[in-house]
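Biologist: I have a new structure to look at, and I would like to learn how to read it. Could you walk me through it?

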Amino acid sequence: MKTRPGAGSSASGSLPRSVHAGYALGSLATGAFGTVPGLLLLPYLTDTLGVAAGLAALLVLLPKAWDVVVNPVAGRISDRTRSRWGARRPYLLIAGLGLAVLFASIFAAPFGNGPAAAAYVAFAFLATATAFAFFQVPYVAMPAELTGDYAERTRLMTWRIAVLALAILVSGAVAPLVVSAGGDGVAGHRWMGLFVAVLIALGALGAFLGTRSAPTGSVGESEPTLRAQLAVAGANRPFRALLICFVVQSAGVATILAGVNYFAGQILRDEQNGPTLLFVCFVGPALLVMPLWTRIGARLGKRTSLVVASLILAAGALALVAAPVLPPVAVYLVVALIGAGYAGQQVFALAMLPDCIAHETARTGRRQAGVFTGLWTAGETFGLALGPGIYGLVLQLSGYVSSDTGSAATQSDTARLGVLLGFTLIPALLIAPPILLLRQYTPTPTPTPVRVDHGVVLGDESR
């Protein structure tokens, strides 16, 4: 693939704001798909379709676990793609629009309630997860090829996480309101599916059109086989440490996300407005503190900043164990603290990923971004699926009673304790310990300058 005119300077320096904004718009799609199934799919199965909590957890987990297989394949395919739009952008358009259509189908409920309805949801979710893999993997691979500048990647991720936070706010806070406005139950969820599908389509189109002037960042050929590419990624110790840490932390964040509706209804006793208020308090501060995290990263470095953000996130989750005896205002303030930690955790983990990729690409002279990000997004997606699975298992073990009325059934004190611990203690235990793995994140400095096949120059990645 040939590099576009002007790509060489952009690849080694700053990018125009239009590319920052255009690339970031893709997070409307990733944010909506990453948020709404984790927030509403488990309650939809247990409280609308009447599926037992344990089975519902399995139905949420298995289709997204499929991404562990398909994501590296999607990465290898995008690595080898040659088109006038570059290697990654065709997938932003085709897979992104397919993702939008398939997402709406998850909540279409053509079979009403019962086993057939549960099987349909699992199949539709599997198809949607596959489309998401072919959108997300090329999308996440792009930053390592858009710029070789260490600080520029942090700025690019800051834009992306800001839009991601906005997407989480809009999809997570508004989707439950759309369900209510649509009449709750199956009908309300159908309207919600269409609403989120529109968000996904806007994000996909925005990313495709917004990056049309960006450099393609072409490098040399990829490794000859998928197995060889996976071996290269697995041998990269900094990448391996960062990946495992992020996957486990993603499971913790997803466990919080899965418990929002349950926590609002059973602990805060506010089933109608509680989920929206929790999301506003979670995402609003995240948007406000993004510039602060950028300055902290510049002062402390990415790894240390990721540790700090993770500890804030875990401490906030643990503090919510006291939610039953705290006034609602205090609960929402703690949720705001969690949101601030989550913003930093996302920014720095995602900014460290392209550093690992660029170093390996410069070292070998081969296109590696697709398989690296395929493994990354497979792990992240699995973590995001594991969270609802963990939460559903906690509900099952604590005796949570399912319902097919569209409203939660009356629960025992033991079930309510399960709702609380699944939202607080378990996420804290998943988020804090993995930071110990970051001691292995010590990327080797990349020689400067490094020239690979098509004249793309990558700078020093040592910081």
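This is a predicted model: local features need pLDDT of at least 70, side-chain atom pairs count only at pLDDT 80 or more; totals for chains, interfaces and linings use all residues.

Biologist: How many aromatic pairs does the structure hold?

Modeller: First, the general idea: a pair of aromatic rings is described by the distance of the centres and the angle of the planes. Rings of Phe, Tyr and Trp (its six-membered ring) pair if their centres lie within 6.5 Å; planes under 30 degrees apart are stacked, over 60 edge-to-face, and the rest tilted. The structure holds 15 such pairs. Among them is Tyr 23 with Tyr 139, a stacked pair with 4.4 Å from centre to centre and 15° between the planes.

Biologist: Which parts of the chain does the pair of Tyr 23 and Tyr 139 tie together?

Modeller: Tyr 23 belongs to helix α2 (residues 17–47) and Tyr 139 to helix α6 (residues 115–146), so the pair links parts that are 116 residues apart in sequence.

Biologist: Are Tyr 23 and Tyr 139 buried or exposed?

Modeller: The cut-offs come first: buried means under 20% relative accessible area, exposed over 50%, and partly exposed in between (1.4 Å probe, protein chains only). Both Tyr 23 and Tyr 139 are buried. Tyr 139 also stacks with Phe 135, because their ring centres are 5.7 Å apart and their planes are at 15°. Phe 135 and Tyr 139 are both in helix α6, 4 residues apart, which is about one turn of the helix. Phe 135 counts as buried because its relative accessibility is 0%.

Biologist: Which residues form one aromatic cluster?

Modeller: Phe 33, Tyr 44, Phe 103, Phe 107, Phe 125 and Phe 132 do.

Biologist: What lies over the face of Phe 208?

Modeller: A charge sits over a ring if NZ of Lys or CZ of Arg is within 6 Å of the ring centre and within 35 degrees of the ring normal. Here Arg 89 lies over the face of Phe 208, 4.3 Å from the ring centre.

Biologist: What is Gln 136 in contact with, leaving aside its neighbours within four places in sequence?

Modeller: Contact means heavy atoms within 4.5 Å. With those neighbours set aside, Gln 136 touches Thr 30, Asn 71, Thr 377, Glu 380 and Thr 381. Gln 136 is in helix α6, and its relative accessible area of 3% makes it buried.

Biologist: Where is the place of Leu 320?

Modeller: Leu 320 is in the loop between α13 (302–319) and α14 (328–364). Its relative accessible area is 1%, so Leu 320 is buried. Apart from neighbours within four places in sequence, its contacts include Val 331, Ile 338, Leu 420 and Phe 423. Leu 320 and Tyr 332 are 12 residues apart in sequence and 9.6 Å apart in space, C-alpha to C-alpha.

Biologist: And for the protein as a whole, what percentage do buried residues make up?

Modeller: Buried residues are 61% of the 463 residues. For contacts with a separation of 6 or more, residues 24 or more positions apart account for 84%.

Note on methods:
Residues are numbered from 1 along each chain as its sequence is written. Side-chain values use heavy atoms; hydrogens and water are left out. Helices (H or I, at least four residues) and strands (E, at least two) are DSSP runs, numbered from the N terminus.
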